[in-house]
Amino acid sequence: MIINTEIDKKGNQYPSNIVSCKKDIDNFSFTTENGVILQVTVIRDSVLRFRYATDSHFENDFSYAIDEDASIGFNHLETDENDNMYIITTAKLICHIQKKDLKVKIYDVLDKSIIFEDESGFHWEENYDAGGDIVKMSNVAQEGESFYGMGDKTASTNMRGRRFENWVTDSYAYERGTDPIYKAIPFYIGLHHKKSYGIFFDNTFRSFFDFAHERRHVTSFWAQGGEMNYYFIYGPKMNDVISSYSDLTGTPELPPLWTLGYHQCKWSYYPESKVKEIAQKFRELKIPCDAIYLDIDYMENFKCFTWNKEHFPNPKKMVDELAEDGFKTIAIIDPGIKIEKDYNIYEEGMDNGYFCKRADGPYMRGKVWPGECYFPDFTNPKVRKWWSGLFKELIGDIGIKGVWNDMNEPAVMEVPNKTFPNDVRHDYDGNPCSHRKAHNIYGMQMVKATYEGLKKFTYPKRPFVITRAAYSGTQRYTSTWTGDNIATWDHLWIANVQAQRMSMSGFSFVGSDIGGFAEQPTGELYARWIQLGVFHPFCRTHSSGDHGDQEPWSFDDEVLDIVRKFIEIRYQLLPYLYTAFWRYINEGTPILKSLVLFDQEDLQTHDRTDEFIFGEKILVCPILEPNAKGRRMYIPRGKWYNFWDDEIVEGGRETWVDADIESVPIFIKEGAILPKYPVQQYVGEKQIDELTLDVYYKKGKEKNFLYEDANDGYDYKKGRFSLRNFTLVGKSKELIIQQHKFGKYITDYDTFKIKLHGLPFKITTIQVNNEEINFKDVKVNGDNTIIVNKDFTELHIKGGL
């Protein structure tokens, strides 16, 4: 006789005491009396992995986020134990594992200061509705600790006191505080007592992060399924944390230089005559532009990999003609495949079983732009290979130069949750699962398949892909933008914060829809947005055609002139930006740096959201409100040159900076050497016959770099690049610039035009490679410019009073 059918729900459960410990080289397994296993793996001296199982065994160890080329290895490892704990020591960390409850504490090996410690530590709750566990971790929020990262969240950069959710979501016209939105990047940086660490919670289920929101001195993260599997990354510098995280999850290939130019997009430019009209107008008005976009209206009834022959009767001819004028054509591709007999993509997908299915066997059917659609299971490697092959005509035959993946959250229309039901099944690269686990990486795997197709058919050139949805590691394949924003001043603030936060989260190739996607900006708002957008790694105007025109000439002549001026500044700075990309890709250094990342030891930087460093040497502070004649901003410690008039400002303080509609606060770090190109209407329009170096005097020493290659293709991987390492040494009456060059690439130009800023003396003598040079030979001008051979090794500029 059945007396009670209710489930005995146990609530939160915790590990008990450790009963065994096993070591296998760099891997430690601690088993508790109640069957919990903690596996600690020493990845590097500064990186530890913590992985918990609740029922005495682990799932298959598989991750889409971790790069196969991630660095592994350490310089020092020793273990010890006493009555209370096990102790793991590396060259940088001391990790304590408490025997009574499996709680963790991590210390700096040098000064023994506490970096990270469990509060409740690991605990879990059985998920009676979906199966498996809800896995949880609670840690101590240290006194004065700040938190940063987490991708595209729309809140202030310092996350203390807030809670966030990671569930990739189509969020049209989101607002400040909307959460979640398009990306799930479960990585954050903690900073306290001038030291920083990172936590990467590699779990693709719906997850949550609480940064001392519910309890003032506790930070927590948890997920609705999967394992408690996180990486602890120690700095102590924030740059070191981000670099190590980027090493774990990967960085992209160098992008072709043209992708760093200005891009113009709209939903939608059609027919063909309209596309050509827009392109011609850019050239007529001499506004630099490298790329023009085709949104869904280029397709036949919005069907992927088709063309509307009425609007685009000869797409290859159009693309070729645009290319002759310097324009690269980018086309959108969404994941939904229209259910339509005799549509070849649909038929191939059906014949091979490539589409997602529900738990009981029916295909996942959802409405998107073409109408009723099926959706490829991009977590199946066979599907990715098929998808990548579909780009042959678009890329290989027609000549499209880049692909823009949209709606890949995946977004589904007219359903309450905006996406697939949880019971949809996925292959997950041989680890079958439901959509609960695969949702956050669906867009990432679509982008991977797209990238592989473009890499194949674009070769020997480099591919270019853009995505809306992302999970950690997606940056290996693609650039991104911040989704469907709104033409408001508040969204200008949001765009600034999101780009900084994404860069801190290992995803530097990012930008916003300049001017706002929804609604119509005023000319002033558009001008101010351009002034911000040209300092973002990805620079594109995009808008919804429902709300009017949003080209640079859509407002008035004053706005047009401002927009042209700032786009020209971007094109001049392309070698500087390209060098910043080289550092990002090779060293994991973010291209955009919030002030806290630039100077974490200055407490005044910890809550600054507006100011940021572009590359290594340029400080930018956008104007974020209408009718402004300037603004107050914080200048980081050190000396900075006003970009517009060379006035030198002492940092470490907040100050007023004039900035009418024609300008924006920009400062250059003393000691900077900024490489500049001449203004071009598109990358490659001109042969660069001379490179300008803007040199900003500093009393002291400063390092600078200049990276160059063929701007496209893969010869740079064979050593055909040019890396110039400049060391600037400034004295009271002397300026020395030393140069060391690496790599086999030979640039077209032979000379540097050096423009000297802030020189405190009048030039009396110039020596190149220890030989005194006649002023006429280096063309010394009254504006402190000189011309020297690009291959000098040491330049001495001496002077008197």
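# A guided tour of the predicted model

Begin by selecting lysine 286, which sits in the loop between helix 2 (272-284) and strand 20 (291-294); helices (H or I, at least four residues) and strands (E, at least two) are DSSP runs, numbered from the N terminus. The phi angle of lysine 286 is near 55°, a positive value in a residue other than glycine. Lysine 286 is exposed, its relative accessible area being 53%; buried means under 20% relative accessible area, exposed over 50%, and partly exposed in between (1.4 Å probe, protein chains only).

The model is predicted, so local features need pLDDT of at least 70 and side-chain atom pairs count only at pLDDT 80 or more, while totals for chains, interfaces and linings use all residues. Residues are numbered from 1 along each chain as its sequence is written, and side-chain values use heavy atoms, with hydrogens and water left out.

Select methionine 150 next, in the loop between strand 11 (146-149) and strand 12. Its phi is near 70°, again a positive value in a residue other than glycine. Methionine 150 counts as buried, at 0% relative accessibility.

Two cis peptide bonds follow. The bond from aspartate 179 to proline 180 is cis, with omega near 0°, and proline 180 belongs to the loop between strand 12 (162-166) and strand 13 (183-184). The bond from glutamate 409 to proline 410 is also cis, with omega near 5°; proline 410 is placed in the loop between strand 25 (402-405) and strand 26 (425-426).

Move to lysine 341, in the loop between strand 22 (337-338) and helix 4 (344-352). This lysine 341 is exposed, with a relative accessible area of 67%. Apart from neighbours within four places in sequence, lysine 341 is in contact (heavy atoms within 4.5 Å) with Tyr346 and Glu347.

Now display the cysteines. The whole structure contains zero disulfides, a disulfide being a pair of cysteine sulfur atoms within 2.5 Å. For cysteine 21, the nearest cysteine sulfur is that of cysteine 95, 11 Å away; cysteine 21 is partly exposed, at 32% relative accessible area. The sulfur of cysteine 621 lies 18 Å from the closest cysteine sulfur, in cysteine 539, too far for a bond, and cysteine 621 is buried at 0%.

Finally, zoom out to the whole protein. It has twelve helices and 51 strands. Along the principal axes, its C-alpha trace spans about 105 × 70 × 50 Å. Of the 801 residues, 64% count as buried.
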